[in-house]
Amino acid sequence: MIRNGRDIENGAVLKAQVCIVGSGPAGATAAWHLWKAGISVLLIEGSRFDGTAYEPSWPDKTLLYEGVADGLFATNEPDFLILPFAGQHSRAWERERILGGTSTHWGGQSRPLDPIDFEARPGFPGWPITRADLDPYYATAAKFCMLHGDDFSAEYWGGVLGDDVPQLADFDACMYQFIGKPYLNFATRTFPDGSTLASSGIDTVLNASLLDIEQDGGRVTGLRVASMDDAKTPGIATEFRIEADAYVLACGAVANAQRLLLSNIGNEHDQVGRYFMCHPLSSGVNISITRPFLTTSQNNLMAGNRANGLQWTDDNGVTVTGRFQLTADALRQYGIGNCWMRSYSAAVYFEMAPNPESRVTLLDTTDKVFGQRQARIDWQLSPLDQVTYETSTHLFKASVQQLGGDIEAPSWETMKAAFVVNGHHLGTTRMSSDPSQGVVDANLKVHSMDNLYVAGSSVFVTAGVSNPTFTIITLSIRLAEHLAGRFAAGY
Ligand SMILES: Cc1cc2nc3c(=O)[nH]c(=O)nc-3n(C[C@H](O)[C@H](O)[C@H](O)COP(=O)(O)OP(=O)(O)OC[C@H]3O[C@@H](n4cnc5c(N)ncnc54)[C@H](O)[C@@H]3O)c2cc1C
């Protein structure tokens, strides 16, 4: 069921066992799994628009997401917070305020984080969980996303496609699956039981913006929520409260931090908003392959093609593609972040190291609708990021030369001038077993609160190089299981 916040009376109190804020992949996944576990779920989405068309999100973004984008954003992506509509899969569309969130136009490219991503190494703190802890949930996530199984190894896919696996010193060939088109948009997609957000038993309220998280004695006691009218410059239509046993914040990495800062929650150790990370991707500047180094069959695998050169796809529309990533041994030996390279189109993309100065804070200016303080986001790369880029491109060149090929990599300065964030917003409420080093614990519960959880890539401790959403979905499945366990134990 989907209803509109405008139809909820002023002063009403809505109740459920769990209230989830934000209907992107993080929130919708947790909502569906909780509903299937027999838990009553209220899913609120701030947008006035239902996610079936793209353009309408734009007015709400300009009204509510204006702020200041600083640091590298100031030169490279000054409109990061509200980037206008520019077509599907464009970098010029970083985050959405719409039913389904940014899944309304993401690419669906999926791969788990690698075991090394969870390990502590200099410059990259460890997660309080391991890859083995997530393995069963990754398997469930693969089914939920209708992927072609949960094996992402080049050896497995070499067999499926009938192609040869390339061998490159210091690099692994790694495969990425793309979710099929019918399952991409969480506002409209079919879930494994045939239900959709609209037909499921999830009580979804569109046009319901979270304004404040009310707390008392380490517990959230309710949410203050408002709907918008449809005037030319909208104002508040109705204001109501939500009371639940548990609450999940799933607003995306910028807004998750902004909401906690606005309600002054979880920031006892000045951790909220810090460690904003991404996978810097250079817009229009790439390494070039000046002499090829793979056989036709190896190239086919890396491009996701069968031996006959035609693209492989399955009945659910899944496709695959390959990348070269640094091996775990190389990462430990050189003390750098990970990096991937493509053999067929020469893109390069790396793991930004966590940096406390790269962060979301609040401005003194306010938005035009609810009068809430706007966000400032400061994107700061660190010297370690330069070492990561330069070492990994150097290693790639040496490995490619061993196979008789060659590449040319632009200088760090050239690349840096062209870096964009490209949709992967990570960190800002990171996971940690030590409350002084992060915002949420291993179960995604805000350290200082008994019943407030955070979902999404804001909880990532390190970025790895895998696209984040498959792990976001995996963590939301795990969160739903954790909450269901708490309810089964009497909460
Ligand atoms: C062009 C592009 C391509 C991408 N391609 C890929 C890809 O191939 N693979 C991949 O893994 N990832 C990709 N991503 C990233 C992916 O889209 C995000 O990781 C994912 O959408 C994050 O999910 P989320 O649910 O955490 O947040 P979102 O999808 O951002 O959803 C957050 C929701 O919260 C709502 N909200 C915010 N504030 C409030 C409030 N105060 N009250 C109520 N609701 C609120 C928003 O309206 C929104 O619906 C891409 C991103 C972009 C921009």
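Student: Which hand does the crossing of α1 and α12 have, left or right?
Tutor: The crossing of α1 and α12 is right-handed. Keep in mind that this is a predicted model.

Student: How do I read the packing of these helices?
Tutor: Two numbers describe a packed helix pair: the angle between the axes and the distance between them. Here α1 and α12 meet at about 35°, and their axes are 8 Å apart. On α1, the contact involves Pro25, Ala26, Thr29, Ala30, His33 and Leu34. On α12, residues including Ile472, Ile473, Leu479 and Leu483 take part. By class, the contact has 11 nonpolar residues, four polar and no charged.

Student: Which elements each supply at least two residues of the shell around the ligand?
Tutor: α1 (25–36), β8 (209–216) and α12 (469–488) do. Of the 41 residues around the ligand, Gly22, Gly24, Gly101, Gly107 and Gly423 come nearest. The shell splits into 22 polar, 14 nonpolar and five charged residues.

Student: Now a sheet. What is the strand order in the open sheet of three strands?
Tutor: Sheet strands pair through backbone hydrogen bonds, parallel or antiparallel. In this open sheet the order is β4-β17-β16, and the pairing is mixed. β4 (67–71) and β16 (359–366) are the edges; each has a single partner strand, so one side of each lacks a neighbour in the sheet. Neighbouring strands are turned by 25° against each other on average, direction ignored.

Student: How many bridges join β16 and β17?
Tutor: Five, in the antiparallel sense. In one of them, Thr366 has Arg373 of β17 as its bridge partner. Helix α7 (residues 253–262) packs on this sheet, touching β16 and β17. The direction of α7 makes about 60° with that of β16.

Methods
Residues numbered from 1 in each chain as written. Predicted model: local features only at pLDDT ≥ 70, side-chain atom pairs only at ≥ 80, totals over all residues. Near = placed C-beta within 6 Å. Helix = DSSP H or I, 4+ residues; strand = E, 2+ residues; numbered from the N terminus. Nonpolar A, V, L, I, M, F, W, Y, C, P; charged D, E, K, R; others polar. Pairing = 2+ DSSP bridges. Axes fitted to C-alpha atoms, helices over the stretch in contact; angles between N-to-C directions. Contact = placed C-beta atoms within 7 Å. Left-handed = near helix turned anticlockwise from the far one by under 90°.
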